[in-house]
Every structure is written in C-alpha cells, then in structure tokens.
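Welcome to my notebook. I jotted these entries while looking around a structure that was new to me, and you are welcome to follow along.

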There are 2 protein chains.
Amino acid sequence: MSKEITSRKDDYAQWYNDIVLKAGLADYSAVKGCMVIKPLGYALWENMRDVLDRMFKETGHQNAYFPLFIPKSFMSKEAAHVDGFAKECAVVTHYRLKNDPNGGGVIVDPEAKLEEELIVRPTSETIIWNTYKDWIQSYRDLPLLINQWANVVRWEMRTRLFLRTTEFLWQEGHTAHATRDEAIEETRKMLEVYATFAEQYMAVPVVRGVKSANERFAGAEDTYCIEALMQDGKALQAGTSHFLGQNFAKAFDVTFRDKENNLDHVWATSWGVSTRLIGALIMSHSDDKGLVLPPKLAPMQVVIVPIFSKDAAAQAKINDTAAALMKTLRANGVSVKYDNDDTTRPGWKFAEYEMKGVPVRIALGARDLENNVAEVARRDTGEKASVSLDGLGEHVIGLLSEIQDNLYNRALTFRTENTRKADSWDEFVKILDEQAGFVSAHWDGTGETEEKIKELTKATIRCIPLNNEQEAGACILTGKPSAQRVLFARAY
Amino acid sequence: MSKEITSRKDDYAQWYNDIVLKAGLADYSAVKGCMVIKPLGYALWENMRDVLDRMFKETGHQNAYFPLFIPKSFMSKEAAHVDGFAKECAVVTHYRLKNDPNGGGVIVDPEAKLEEELIVRPTSETIIWNTYKDWIQSYRDLPLLINQWANVVRWEMRTRLFLRTTEFLWQEGHTAHATRDEAIEETRKMLEVYATFAEQYMAVPVVRGVKSANERFAGAEDTYCIEALMQDGKALQAGTSHFLGQNFAKAFDVTFRDKENNLDHVWATSWGVSTRLIGALIMSHSDDKGLVLPPKLAPMQVVIVPIFSKDAAAQAKINDTAAALMKTLRANGVSVKYDNDDTTRPGWKFAEYEMKGVPVRIALGARDLENNVAEVARRDTGEKASVSLDGLGEHVIGLLSEIQDNLYNRALTFRTENTRKADSWDEFVKILDEQAGFVSAHWDGTGETEEKIKELTKATIRCIPLNNEQEAGACILTGKPSAQRVLFARAY
C-alpha cells in the first residue's frame with residue numbers, strides 16, 4: 001500500500017481522509033455512515049477517555065449505563081427535543097428474523113412486530129430523565145451527578161470519518177440539581193473541564209462561549225460550547241454543555257421536596273464530547289507527512305529504531321543501549337517501543353512512524369554510539385539532533401513536554417492570526433472567502449439575521465465568547481445596533 | 001426504603017433480585033428486558049473490565065471498535081450462525097420519525113424505509129470477518145488479535161437483571177490465524193485468561209471444559225467454557241472461548257498467502273465475557289445481609305465510620321486517626337472512604353455498607369481510641385475484632401488479602417461438596433432434585449441422549465472437563481458404553 005498522502009494545499013479534505021486511513025485510525029464499514037475504529041484510533045480514544053473519566057470523577061461524577069433503546073413515545077415528551085432528533089433516528093420495529101417460506105432467504109418475521117417502536121438513542125436525556133423520576137424524591141437525592149460512556153446513532157446523510165458518522169462513541173453527563181444557579185454552575189464547570197482537556201491534553205486552544213438560540217441543543221435553555229479552529233480555517237465544535245432548565249424534569253415529571261417540604265421540578269444539565277475529538281486532533285496538528293499526536297495522548301510516545309550493524313559487538317551495544325533507555329523511559333511512565341523487526345529497513349520505519357504520529361523517534365547506529373550519541377527526531381518540527389547518551393532519557397522526557405507545549409502554542413498562534421474583526425459586510429465576506437478563520441463581528445441578535453448570514457455565506461455564529469467585551473456597534477448585515485461582537489466561521 | 005432482603009432459604013430468586021436492587025447495582029428500565037446499570041454496578045464492571053483489558057493486552061491483543069449494526073444479509077452467510085441468532089434479533093427498518101399528518105403524534109416515516117434492514121449486533125463475527133477480508137492478505141498480516149468492548153442485543157423473552165438481559169455489555173475477542181493449531185492454542189489461552197480472572201479476582205472457582213456439540217456456539221467447531229457453581233446449586237456459564245475453524249473465513253472469503261505463496265482460508269477464534277459475570281459474583285459470595293464483594297474488585301474496599309463524640313478533643317482524635325489511616329491505605333492502593341456524614345447514625349451506616357458489600361468496615365469511637373484500638377469488621381464472616389492502632393493500616397491490608405482468599409476457598413469448598421458422582425438414573429435424578437450441584441456422570445456421547453436428559457430433568461451437560469479422567473462406564477440414561485464422565489447441572 002502506498003503511504004503517500006495528498007498535501008493539505010492540494011486537497012484538504014482528501015488529506016484528512018488519507019491520514020485517517022493510512023495512519024490506521026479508522027476504516028469505512030459495510031454499513032453506510034458507520035466506521036470501524038482501528039487499533040490506533042481506538043487506543044487514542046482510550047487515552048482521551050481515561051483522562052476525561054478521571055476529570056469527571058474528580059468533579060464528583062459517577063458512571064452508570066442506560067438502555068440503548070428509547071421507546072418512541074419518550075422522544076416526543078419534550079417538544080423541542082423531538083424536533084431536533086426525530087429526523088435522524090434509527091428505528092427498531094421487529095425483534096426476529098425467519099426463513100422466507102417462499103425461498104427468499106432470511107427475512108424479517110412480520111409476526112415479530114413491536115407494539116411500540118424503539119429508537120436507537122441519539123442522546124439519552126429522555127430515557128435518563130424517565131429513570132431519574134424513580135431516583136429523585138427529596139433534596140437529599142440531589143445533586144445527582146451521572147456520566148455515561150456509550151455509543152449513539154444519528155442517521156446522517158453525509159458522513160466523514162470521525163467528524164460525522166451515523167454511529168459514534170461519546171460520553172454524556174446528565175445531572176440533576178435543586179436550584180437553577182447550581183445547575184448553571186455545573187454547566188459552566190463541565191465546559192471548563194472540556195476546555196482544560198482540549199488545551200492541556202489535546203494541545204488544541206478553544207474559545208469558550210455560548211451558542212445563539214438557533215444553534216442551541218434541542219431542549220436546552222442555554223448551550224455552552226468550546227470551539228476550535230482547524231488548519232483550513234474552518235471551526236469545529238469540540239464539546240457542548242447544556243443548561244436544560246426544568247424542561248426535561250417537567251416532560252418526565254421529576255419533582256423533589258426541598259428542606260421546607262416544598263415540591264418543585266428538578267434543574268438539569270447535560271454535556272458531551274465524542275470521537276469527533278479525534279477529527280479535531282488530526283486537523284489541528286497533522287502535516288503532509290501524516291499524523292502528529294500530542295505526547296500526552298499518543299499511544300506510543302517514543303520509538304527506538306536500530307540501524308542494524310553486521311558487527312555482533314556493535315549490534316549488542318545498540319540493543320543494550322535501547323534496553324537501558326526503555327527502562328529509564330518506562331520508569332517515568334513514557335510508552336516506548338523498540339522496533340527491531342529486521343524485515344524492514346530503517347527508512348521505511350521512519351516513514352511509518354511519521355505517518356502514525358509518534359512524537360519522538362530515536363535512531364541508534366553503531367557509529368553514533370561510538371561517539372556516545374543518538375539521533376533524536378521530533379515529529380512536530382521534523383528537527384533532528386545528535387544527543388549525548390548521558391542523560392538521554394531525561395532529554396527525551398523534556399522533549400516530550402516541549403513538543404506538547406509547542407503544539408499548543410503553534411495552534412494558538414494560528415488561531416490568533418486567523419481571528420479577525422470585520423466591521424462591514426464586504427469586509428466580512430472578503431475575510432471568509434479569502435482567509436477563512438474566525439471573524440469577530442457585530443450582529444443584531446435576531447435569529448432571522450443569523451439565518452440570512454448563513455444562507456449568504458455558509459458562516460454560522462460559533463459562539464458568543466464568555467466574558468465577551470461589551471462594545472457598541474452596528475450589525476454587519478442589517479446595520480441595527482449591537483452591544484457586542486460574536487464569533488462567526490464556516491464550520492465542520 | 002426498607003433495606004430488608006428476602007433470605008436465600010425463603011426464596012433464592014427473590015433474594016438475588018433484592019440484592020441487585022437494594023445494593024444499588026442495577027434497576028429495571030422502561031424498555032422491556034433492558035436494565036439500567038447503577039453507579040455501584042457500573043464501578044464493579046469498570047474494575048472487571050480494567051483487569052481483563054490488562055490481561056488481554058498482556059497477551060498481545062489490541063482493542064478496536066466495529067459497527068453496532070449488521071446488514072441482514074451478513075447474518076445468513078454462515079449457516080449455523082443464522083440459526084443460532086436470527087430468532088432473537090432487534091431489527092432496524094427505518095431511519096426517521098415524523099409528525100403524523102392525521103394528528104397521531106410522532107410516527108415512523110414510511111418513506112424512510114431502509115433498502116436492507118440492519119440487525120443490532122447480537123455478536124460481531126459477521127461484521128468483523130467482513131472487515132478482516134480487507135485487512136488480511138498475507139501471513140504477514142497474521143495473527144490478527146483484536147478485542148472489542150461493546151453492547152450487544154439479544155431479544156430475550158424471560159430476562160433477569162445481569163443474568164439475562166436483552167441488551168448487555170461485554171467484550172468479544174476476534175482473532176485470525178495462519179494455522180489450525182495456532183487458533184486452537186489461542187482459544188485455550190483465552191479460556192485460561194478467563195479462568196484466572198474468575199478465580200484470582202472474582203474469587204469464583206471454575207471448571208474449565210469443552211461444550212458438547214448441542215451446546216456449542218452457533219458457527220463454532222469447538223466451544224470451550226468456564227463453569228461456576230452458584231449457592232443454590234445451579235451452574236452458571238461464566239465465559240466462553242470458541243474455535244471457529246475456517247467457518248467464518250469461508251463465509252466471508254478471507255484468505256491469505258502463506259510463506260510459500262499458497263492461498264488458504266484463515267483460522268479463527270472468538271471469546272467473550274459479559275456483565276453476566278456480575279450475576280455470578282453476587283450469587284457466589286453474597287448472604288442474607290446483602291452483597292459480599294471480593295476485595296480485588298470492590299469499588300470501595302474499606303469504609304471508616306466514626307462513632308461521633310460530643311467532646312471536641314475526642315472527635316478531633318477520631319478525625320485525625322481516620323485521616324492517618326486513609327493516608328496509609330491509599331498509599332498502598334486501597335480505596336477507602338471516611339463516612340463522616342452526621343445526618344445518619346452509625347448503625348444505619350453499618351447496615352448500608354453491609355448491603356453494599358464493602359469488605360472491611362472500621363469503626364472509630366472515642367473510648368476505643370483511648371485504649372489505642374479500633375473495631376475492625378470483615379464482611380465475609382461478619383467477625384469483629386479490636387485491633388491496635390499501631391500497624392492498623394498493615395493489618396487492614398493483610399485482612400483484605402485474607403478475605404479474598406477466604407471467599408475463594410469457601411466457594412471452592414462449596415463446589416467440592418456439591419459435585420457428586422451418579423452411577424444410575426435414579427441416583428442422578430435424586431441428586432438433582434434433593435441436592436442440586438454438579439453431577440458427574442457417564443453419557444453415551446449422542447445429542448439425542450443429551451436432549452432427552454434435558455427434557456426429563458432440566459439438567460444440561462455443562463462441559464466435558466479439560467484433562468478429564470478417562471474411565472469406562474455406562475450412560476446413565478441409555479446404558480450404552482461411555483469412555484468418560486461429563487459434568488451435568490441445572491443452569492442459569
């Protein structure tokens with residue numbers, strides 16, 4: 001298989017697909033819109049999951065698991081929710097196959113029709129709030145802080161590996177609170193958890209903000225989000241945290257007695273991130289040689305490649321040096337592989353590990369070892385250096401940290417350079433067409449204007465940044481007064 | 001809510017359900033046959049998953065993720081497989097809901113009918129082997145050692161929490177090999193991983209064996225299994241490992257070139273354990289006071305309960321002692337909670353933690369502390385002891401290990417006492433009816449006899465134990481010659 005990939009300049013979308021397929025992150029499947037997550041992609045997801053899971057537990061959440069199926073009637077209990085999700089639901093109508101008596105092979109058994117159809121969960125608010133009704137009676141049962149790791153299905157017509165697939169993996173937090181303020185605090189706290197994860201682990205800087213009414217989750221009073229900027233200047237929503245008010249509590253009649261014995265509906269939040277984050281990770285850092293992974297999430301952080309020597313003593317020294325280095329690195333929690341497969345050449349291995357995004361590659365050759373050095377290559381910049389064997393382990397550990405920082409700073413610089421103010425319609429359109437990126441512009445606050453801008457430019461309001469500067473201005477489309485700029489972009 | 005549970009003697013099935021519900025392991029859901037796994041149940045599953053996952057990785061396996069849906073036509077490609085699973089499949093036929101124009105609420109949109117129906121995976125051999133076709137060309141691609149953690153759905157008419165549910169969580173390993181021998185070796189290796197996990201972590205002794213032809217997995221050449229004995233004398237299949245021969249490779253046309261460039265079909269295995277293991281865990285160790293958990297899997301291993309003192313200095317000493325003890329325990333990887341909630345009484349807490357199966361409970365009271373001791377209670381035997389504060393941490397760590405061993409030995413003794421030989425039909429029936437447990441008996445080796453015995457007694461052949469003693473005898477039903485005894489039992 002050729003490992004050549006399309007360059008970003010030639011065809012950004014093809015470059016992305018090439019990386020996903022050729023680095024072995026995912027594959028297409030026989031089921032339209034569903035992907036196979038291959039071992040490297042899944043190992044990356046496991047690392048992301050483990051960090052997030054720890055962060056959720058540290059903020060007091062517990063995991064649980066709710067049914068994959070949702071009775072059809074549940075979907076319509078919250079009016080906005082059904083409008084948002086009914087159009088893309090996989091529906092289970094039967095529970096048995098049988099042999100066609102007319103010889104047509106295996107068919108659906110018409111006698112095994114369900115009384116009420118079941119929806120494969122597109123998100124679990126309804127089944128979970130139906131359960132919470134039994135779990136919550138008193139203020140003593142609150143807050144209820146639950147998270148679920150699960151697969152969900154949204155029937156998508158146009159899919160892209162990781163970014164938009166019919167089935168995807170995610171986590172969904174669903175919390176219940178006694179007061180509005182506490183629920184809003186939770187919503188914001190989890191947004192900050194996501195932002196911290198994106199920035200400190202994924203090395204992806206994000207804008208924290210609130211969605212406009214048009215872009216809100218179906219059933220939410222407010223949707224908070226983190227927005228990242230990809231290398232092609234398009235934005236990507238990397239996580240959302242919803243303040244659901246009492247909408248679902250009212251739809252499923254979940255009430256509680258407070259300390260004064262008053263009955264009230266419970267306040268809710270939900271929040272989620274998905275395997276889409278892998279798409280964000282790829283598009284933030286990777287280059288024309290393949291995947292680039294931040295060290296904190298890379299399944300393999302360091303690879304050691306021997307330059308085989310025919311001299312047995314020299315080869316033994318290479319092996320010993322590798323063994324000692326691996327011992328040091330592993331003792332420091334670094335994942336490292338010694339690739340001493342003698343059926344492939346070093347050059348082939350170099351290209352392979354570049355494709356797979358391994359942050360640091362160390363080549364050990366007999367001549368270098370005679371000079372007490374090794375060649376250390378970093379994936380982010382491609383730089384190679386001759387590094388003394390004395391303290392090589394410490395050097396590599398420092399380098400991993402440096403790469404993590406560099407990836408973040410590089411992405412931050414890119415975002416800063418690609419966030420522009422527009423003060424007129426012409427300027428707005430020109431930036432979108434010629435430079436892309438985030439555009440900070442005034443908007444009159446109406447859904448109609450937002451819709452019109454989307455129609456004309458395909459740009460959407462990504463968010464109203466938190467702690468946004470208040471500044472009087474005029475809407476770029478209508479000229480009507482505006483109290484603040486909002487962030488526009490074309491988006492994934 | 002009353003925490004009283006039915007005793008095992010009065011109603012074993014009700015006792016089991018009481019524990020699941022009242023210890024907070026799982027709950028019924030609004031979807032028939034599907035359960036909600038509550039935080040304690042899920043934490044237990046996470047611990048089991050983490051240990052198994054480590055064992056799989058140590059034996060060279062990688063995780064991946066395949067689609068939830070399987071095209072209907074795939075199910076019928078392997079003849080035995082479709083017979084085994086078609087009768088219990090959830091079938092997706094549509095991909096959209098809409099508002100009924102006649103005012104009937106939300107209905108399935110008849111225009112959104114799938115061309116080919118999709119089955120919600122009951123197991124993933126078919127979709128995975130369809131994928132392997134693209135992944136395997138040469139002996140260099142083998143062995144392919146993949147595991148998946150996933151939810152699966154089998155439409156069950158009679159369900160029981162954890163033991164038999166329509167949706168359940170599991171892992172399924174799917175491996176591909178160049179030779180028959182290597183695949184059989186893998187099948188046996190993974191059976192041994194399961195057996196080790198059951199015995200060393202769950203503290204559940206298991207019989208390793210092979211299924212009779214009648215009880216084989218649909219599509220397997222051989223099904224290996226581990227069988228455990230529950231406290232009511234019924235057996236429970238705790239894990240299976242299948243040698244699939246070339247059946248799926250032939251059904252999905254997966255071939256490879258060997259080193260001599262010959263083309264052959266690939267050899268396969270699959271193996272799985274599920275959330276059913278939680279049912280096995282409950283029924284192996286628990287008692288009439290509630291859940292009993294083996295320390296190695298307990299989400300909370302130790303709980304410290306203060307006996308509140310009104311004397312501030314005495315209370316401070318209680319708090320300080322708890323803090324120091326927690327520090328020691330946590331430094332040794334022990335999960336411990338200090339329950340200093342002052343709204344519930346110690347007696348209530350004792351009952352609560354007994355119900356939830358916490359292995360060790362430590363009570364700290366002012367008077368005890370004056371005497372430099374604490375009260376340490378172990379959940380498995382109910383014994384309480386006054387233990388010196390000096391070295392209390394080490395004592396508790398040793399006690400956890402002792403409890404783990406005791407649970408295993410107790411279960412092993414029970415199994416030994418409840419495994420009996422029967423040499424006549426009358427004896428066989430009498431044991432089953434009066435004593436239950438495993439019955440070791442001769443069988444003529446035919447499926448007909450096996451079926452007849454099942455009809456007459458509800459007992460099935462649980463397995464032909466590995467390394468079974470060869471002993472000539474006569475079949476208990478037909479009197480025909482038999483070369484070895486096999487293990488019968490009524491089973492879950």
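Predicted model: local features only at pLDDT ≥ 70, side-chain atom pairs only at ≥ 80, totals over all residues.

**Entry 1**

I began with Val120(A) and listed what it touches, leaving out residues up to four places away in sequence: Leu68(A), Phe69(A), Ala90(A), Val92(A) and Val153(A), together with Leu68(B), Phe69(B) and Val92(B) from chain B. Val120(A) belongs to strand β8 of chain A, which runs over residues 113-120. Is Val120(A) buried or exposed? I found a relative accessible area of 0%, so Val120(A) is buried. I also looked up how far Val120(A) is from Lys384(A): they are 264 residues apart along the chain, and their C-alpha atoms are separated by 50 Å.

**Entry 1: How the two chains relate**

Next I asked what rotation superposes chain A on chain B. The rotation is 180°, with 0.0 Å of shift along its axis, and the RMSD is 0.0 Å. The two copies are therefore related as by a two-fold rotation axis. In chain A, the C-alpha nearest that axis belongs to Val92(A), at 2.1 Å. Val92(A) was already in my notes as one of the residues that Val120(A) touches. I then checked the interface: 100% of the interface residues of chain A are interface residues in chain B too, so the copies meet through the same surface.

**Entry 2: Chain A as a whole**

I stepped back to take in chain A. I noted 14 helices and 26 strands. The C-alpha trace spans about 80 × 70 × 55 Å along its principal axes. Chain A has 492 residues, and 58% of them count as buried. For contacts between residues at least 6 apart in sequence, I wrote down that 68% join residues at least 24 apart. The accessible surface of chain A is about 19900 Å², with 47% of it belonging to carbon and sulfur atoms. As for charge, I found 60 positive and 70 negative side chains, and the centres of these two sets lie 2 Å apart.

Which residues of helix α13 in chain A are buried? In this helix, residues 425-434, I found Phe428(A), Ile431(A) and Leu432(A) buried. They cover an arc of only 95° around the axis, which means that they sit on the same side of α13(A). On the other side of α13(A), I noted Asp426(A), Asp433(A) and Glu434(A) as exposed. I also looked up what covers the buried residues, and the cover includes β22 (419-421), β23 (438-442), α14 (447-457) and β26 (481-489) of chain A. Just after α13(A), Ala436(A) takes a positive phi of about 60°.

**Entry 3: A glutamate in a loop**

Where does Glu156(A) lie? I found it in the loop between β9 (144-153) and β10 (167-177) of chain A. Glu156(A) is buried, as its relative accessible area is 15%. Not counting residues up to four places away in sequence, Glu156(A) touches Lys32(A), Glu88(A), Arg164(A), Thr165(A) and Thr166(A).

**Entry 4: A stop in chain B**

Last, I visited Asp50(B), which is found in helix α2 of chain B, residues 39-58. Its relative accessible area is 40%, so I put Asp50(B) down as partly exposed. Asp50(B) and Leu297(B) are 247 residues apart in sequence, and I noted 10.0 Å in space, C-alpha to C-alpha.

Terms used
Residues numbered from 1 in each chain as written. Chains lettered and ligands numbered in written order. Heavy atoms only, no water. Buried < 20%, exposed > 50% of the residue type's maximum accessible area, 1.4 Å probe, protein only. Helix = DSSP H or I, 4+ residues; strand = E, 2+ residues; numbered from the N terminus. Arc of directions from axis to C-beta. Contact = heavy atoms within 4.5 Å. Areas by Shrake-Rupley, 256 points an atom, 1.4 Å probe, with all protein chains shown as cover. Lys, Arg positive; Asp, Glu negative; His and termini not counted. Charge placed at Lys NZ, Arg CZ, Asp CG, Glu CD. Least-squares fit on C-alpha atoms with pLDDT ≥ 70 in both.
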